[in-house]
Amino acid sequence: MENNKTWKIPKAVVALAFLTPCMYLIWAGLTSHLGADPVEKVLHTAGDWTFNFLLLAIAARTLSNLPYLKWISGYHKAAGLSAFFYATLHFLTYAAADQDFSISDIIEDATKHTRIIFGALAYLLIASAVLMMVPVILRRIGFTCIKGLHKAVVYPAATSAAIHYVWLVKKDVRTPLIYAAVFAALAVYRAITKFTEKKRPV
């Protein structure tokens with residue numbers, strides 16, 4: 001209990017930290033620091049931070065059973081909401097700047113590039129995980145059921161996002177592979193801990 005109190009960060013500070021990438025993009029846009037291709041800069045930055053916060057949300061739940069890391073479980077929700085926020089920014093930048101909100105153009109692009117399908121799937125899964133946090137839905141379904149549904153949604157979301165990222169980069173896949181490796185490590189660790197918990201005598 002003392003450890004949790006020691007490491008507790010004010011919500012305002014967490015919110016400010018999680019919004020920093022967005023504030024940077026706003027500043028860069030207003031001061032012409034987005035580079036030669038502003039759309040690509042916003043698209044990739046939002047995509048990167050979607051993955052960052054998605055992995056942070058998974059890590060917050062997965063590693064919270066370790067000594068001195070129980071405090072991070074309190075930031076699972078904030079990280080998940082941030083992942084949804086940056087995923088929405090990523091999607092809107094693509095849909096508006098690249099496709100002019102043309103559904104037919106988006107569908108045509110998806111038929112040509114499978115990565116778009118995996119990106120859309122990742123976004124829908126992240127959105128569904130956030131939707132489950134709505135108090136009305138949480139009360140109706142129940143926390144235990146929601147917890148199980150979250151696990152069934154978040155891991156496929158991260159997997160789809162990783163595939164989307166790897167196929168987007170194509171040539172230098174080191175960064176997306178690092179993301180995928182971190183996600184895989186968290187998934188394996190969670191599987192091991194769940195297995196060992198079942199083996200423990202009651």
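Biologist: Where is S32 found?

Modeller: Bearing in mind that this is a predicted model, S32 is found in the loop between α2 and α3, the latter spanning 38-62. Its phi is near 60 degrees, a positive value in a residue other than glycine, and S32 counts as exposed because its relative accessibility is 68%, the cut-off being over 50%.

Biologist: Which loop holds F101, and is F101 buried or exposed?

Modeller: F101 is found in the loop between α4 and α5, where α5 covers 103-112, and with a relative accessible area of 55% F101 is exposed. F101 also has a positive phi, of about 55 degrees, although it is not a glycine.

Biologist: Which residues make the nonpolar surface patch?

Modeller: The patch, of about 350 Å², is made by L16, L19, M23 and F85. Helix α2 (residues 11-30) contributes the largest share, three residues, while F85 is found in helix α4 (residues 76-98). F85 counts as partly exposed because its relative accessibility is 36%, which lies between the limits of 20% and 50%.

Biologist: At what angle do α4 and α6 pack?

Modeller: Helix α4 and helix α6 (residues 114-131) pack at an angle of about 140 degrees, with their axes 10 Å apart. Angles over 145 degrees count as roughly antiparallel and 65 to 115 as roughly perpendicular, and α4 and α6 are therefore oblique to each other. The crossing in which α4 passes α6 is left-handed.

Methods: Residues are numbered from 1 along each chain as its sequence is written. This is a predicted model: local features need pLDDT of at least 70, side-chain atom pairs count only at pLDDT 80 or more; totals for chains, interfaces and linings use all residues. Side-chain values use heavy atoms; hydrogens and water are left out. Patches are made of residues with over 30% relative accessible area and no salt bridge: like charges are joined within 9 Å, nonpolar side chains (Val, Leu, Ile, Met, Phe, Trp, Tyr) within 5 Å. Accessible areas come from the Shrake-Rupley method with a 1.4 Å probe; for residues, only the protein chains shown count as cover. A salt bridge is a side-chain nitrogen of Lys or Arg within 4 Å of a carboxyl oxygen of Asp or Glu. Helices (H or I, at least four residues) and strands (E, at least two) are DSSP runs, numbered from the N terminus. Buried means under 20% relative accessible area, exposed over 50%, partly exposed in between (1.4 Å probe, protein chains only). Axes are lines fitted to C-alpha atoms, for helices over the stretch in contact, and angles run from 0 to 180 degrees between N-to-C directions. Angles under 35 degrees count as roughly parallel, over 145 as roughly antiparallel, 65 to 115 as roughly perpendicular and the rest as oblique. A crossing is left-handed if the near helix is turned anticlockwise from the far one by less than a right angle, and right-handed if clockwise.
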